[in-house]
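Walk me through this structure, one region after another.

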Amino acid sequence: MNIGDVAKRTDLPPKTIRYYEDIGLIKPQRDANGYRSFQDADIHKLAFIGRSRALGFTIDDCRNLLALWDDKDRASGDVRAIAKQHLAQIENKIADLQSIHDTLSTLVTKCAGDDRPDCPILETLETLPR
């Protein structure tokens, strides 16, 4: 199967598929003419990677998850540890976004939004520590 067919079946752009090959996540066979020849196993791996990336796993996480997926003697605790760490990162991001939301919501409420030049939003941005 060629890269165009694989792209359609996995919903991944050809450029992404090439990138995954370049970094060693997949290793499609090559025909005599040098074209990539994808097998069903490659498609399964690409679909797996695509779903993992859609959940926000990093490339390194995907690499580790693929290795565990391929290892039939794996411990599910190893998989869970990766997912648990990723979940903690997501929860931290949510907390950060909630804090940003709360701050911005307060500032928007405080700003009269009229013709006066004073603006609590700009004043806060000027003095807000990084």
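Begin at a loop: Asp 11 sits between α1 and α2. The model is a predicted one. Asp 11 is exposed, because its relative accessibility is 70%, over the 50% cut-off. Its backbone deserves a look. Asp 11 has a positive phi of about 65°, although it is not a glycine. Most residues other than glycine have a negative phi.

Helix α1 covers residues 3-10 and helix α2 covers residues 14-22. They pack at an angle of about 105°, and their axes are 9 Å apart. That angle falls between 65 and 115 degrees, so α1 and α2 are roughly perpendicular to each other. From α1, the contact uses Ile 3, Val 6, Ala 7 and Thr 10. From α2, Pro 14, Ile 17 and Arg 18 take part. By class, the residues of this contact are five nonpolar, one polar and one charged.

Helix α1 has another partner. It packs with helix α3, residues 40-54, at an angle of about 45°. Here the axes are 10 Å apart. The pair is therefore oblique. The crossing of α1 and α3 is right-handed. Val 6, Arg 9 and Thr 10 make the contact on the α1 side. Asp 40, Ile 43, Leu 46 and Ala 47 make it on the α3 side. Four of the residues in the contact of α1 with α3 are nonpolar, one is polar and two are charged.

Is Glu 21 buried or exposed? Glu 21 counts as buried, because its relative accessibility is 17% and the limit for buried is under 20%. Leaving aside residues up to four places away in sequence, Glu 21 touches Ile 26, Pro 28, Arg 30 and Arg 36. Glu 21 and Leu 66 are 45 residues apart in sequence. Their C-alpha atoms are 14 Å apart in space.

Next comes a loop between strands. Gly 34 lies between β1 (29-30) and β2 (36-37). Its relative accessibility is 35%, so Gly 34 counts as partly exposed.

Move on to helices α4 and α5. Helix α4 spans residues 59-70, and helix α5 spans residues 76-110. Their packing angle is about 160°, with the axes 10 Å apart. An angle over 145 degrees counts as roughly antiparallel, so α4 is roughly antiparallel to α5. The crossing of α4 past α5 is left-handed. On the α4 side, Asp 61, Asn 64, Leu 65 and Leu 68 form the contact. On the α5 side, Asp 78, Val 79, Ile 82 and His 86 do. This set divides into four nonpolar, two polar and two charged residues.

Look closely at Val 79, in helix α5. It is partly exposed, because its relative accessibility is 28%. Val 79 touches Leu 65, Leu 68 and Arg 74, not counting residues up to four places away in sequence. To follow α5 along its course, compare Val 79 with Lys 110. These residues are 31 apart along the chain, and their C-alpha atoms are separated by 47 Å.

Beyond α5 there is another loop. Asp 115 lies in it, between α5 and α6 (120-127). Asp 115 is exposed, because its relative accessible area is 83%. Two distances place it against earlier parts of the chain. From Asp 115 to Thr 16 is 49 Å, C-alpha to C-alpha, across 99 residues of sequence. From Gly 34 to Asp 115 is 67 Å, C-alpha to C-alpha, across 81 residues.

Finish with the cysteines. How many disulfides does a search of the whole structure find? The search finds zero. A disulfide needs the two sulfur atoms within 2.5 Å. Cys 119 is in no disulfide either. Cys 119 is buried, because its relative accessible area is 15%.

Key
Residues numbered from 1 in each chain as written. Predicted model: local features only at pLDDT ≥ 70, side-chain atom pairs only at ≥ 80, totals over all residues. Heavy atoms only, no water. Helix = DSSP H or I, 4+ residues; strand = E, 2+ residues; numbered from the N terminus. Buried < 20%, exposed > 50% of the residue type's maximum accessible area, 1.4 Å probe, protein only. Axes fitted to C-alpha atoms, helices over the stretch in contact; angles between N-to-C directions. Parallel < 35°, antiparallel > 145°, perpendicular 65-115°, else oblique. Left-handed = near helix turned anticlockwise from the far one by under 90°. Contact = heavy atoms within 4.5 Å. Nonpolar A, V, L, I, M, F, W, Y, C, P; charged D, E, K, R; others polar.
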